[in-house]
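Work through the exercises below with the model in view. Try each task before you read its solution.

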Amino acid sequence: MTNPLKRGLAVALLALPTLAATPAHSTSAAPEPHRLSLAKAIDKLPRATEAREGYVRTSFKHWVDADHDKCATRAEVLISESRTKPVIEGKCKVTGGTWYSYYDGKTVTEPKGLDIDHMVPLAEAWDSGASKWTPKHREAYANDLDAERSLVAVTAKSNRSKADQDPAQWLPPLADARCTYAADWTATKLRWKLTANKGEVAALEKLAEGCGRQQVEYVPAPTDTAAV
């Protein structure tokens with residue numbers, strides 16, 4: 001499950017801390033991503049109304065160690081996103097590093113000050129189509145290390161301010177982050193074939209007007225376990 005370009009650092013740091021990271025799955029080429037302008041990517045979002053009925057957070061199992069390298073998803077993200085060599089103790093407990101929370105422009109050096117945010121919150125994913133997925137597919141979504149922006153390390157304060165809101169209800173407090181956020185949000189929805197409602201699309205389109213040549217890149221998620 002680990003992205004060879006983004007998450008391979010986890011294994012390298014644990015097993016060979018003095019060497020550069022090497023791809024975890026070097027024998028297989030990564031799929032070529034779809035690349036679109038932000039405006040065109042928003043146009044591709046399937047439209048639908050949302051329904052929260054039946055949602056419970058435990059419908060999405062996380063954080064797991066999908067690749068059995070002793071690092072659960074939270075640790076994988078912290079390791080890969082640290083801007084300095086992270087400090088790792090015991091069975092992959094991250095105790096130090098340097099992280100940039102792009103929602104609010106804060107630099108953090110204590111892991112306890114960070115949340116790992118699902119770019120499209122679990123409740124929003126449920127509303128947008130995940131309620132019809134199998135538990136296995138929801139687990140894959142909740143621990144998606146194969147897409148660089150599905151999961152991001154941000155300050156706990158900004159993540160909890162966002163909660164389960166979509167871009168019509170919440171945007172990063174740092175204005176310079178909003179075009180990137182709109183692209184990351186749209187890419188995640190397209191990757192997982194999640195729908196968007198009218199208010200959400202309108203908010204994204206308004207953002208896109210001021211985002212110049214902002215690009216969206218995504219690789220569709222595997223679909224073999226999607227249907228209930």
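**Overview**

The protein chain has eight helices and eight strands. These are DSSP runs numbered from the N terminus: helices are H or I with at least four residues, strands are E with at least two. The model is predicted, so local features need pLDDT of at least 70 and side-chain atom pairs pLDDT 80 or more, while totals for chains, interfaces and linings use all residues. Residues are numbered from 1 along each chain as its sequence is written, and side-chain values use heavy atoms, with hydrogens and water left out.

**Exercise 1. Classify the aromatic pair of Tyr103 and Tyr181.**

Step 1: recall the rule. Rings of Phe, Tyr and Trp (its six-membered ring) pair if their centres lie within 6.5 Å; planes under 30 degrees apart are stacked, over 60 edge-to-face, the rest tilted. By this rule there are twelve aromatic pairs.

Step 2: apply it. The ring centres of Tyr103 and Tyr181 are 5.5 Å apart and the planes stand at 85 degrees, so this pair is edge-to-face.

Step 3: place the residues. Tyr103 sits in the loop between β4 (99-101) and β5 (106-108), and Tyr181 in helix α7 (residues 178-191). They are 78 residues apart, so the pair links distant parts of the chain.

Step 4: check burial. Tyr103 and Tyr181 are both buried (under 20% relative accessible area with a 1.4 Å probe, protein chains only; exposed is over 50%, partly exposed in between).

**Exercise 2. Describe the pair of Trp133 and Trp192.**

Step 1: read the geometry. The distance is 5.7 Å centre to centre, with 40 degrees between the planes; the pair is tilted.

Step 2: locate the partners. Trp133 lies in the loop between α4 (122-127) and α5 (135-142). Trp192 lies in the loop between α7 and α8 (198-209), 59 residues apart from Trp133.

Step 3: widen the view. Both Trp133 and Trp192 are buried.

**Exercise 3. Is Glu200 buried or exposed, and what does Glu200 contact?**

Step 1: find Glu200 in helix α8.

Step 2: judge burial. Glu200 has a relative accessible area of 0%, so Glu200 is buried.

Step 3: list the surroundings. Contact means heavy atoms within 4.5 Å. Leaving aside neighbours within four places in sequence, Glu200 contacts residues including Glu50, Glu124, Asp166, Trp185 and Lys189.

**Exercise 4. What share of the protein chain is buried?**

Solution: buried residues make up 48% of the 228 residues.
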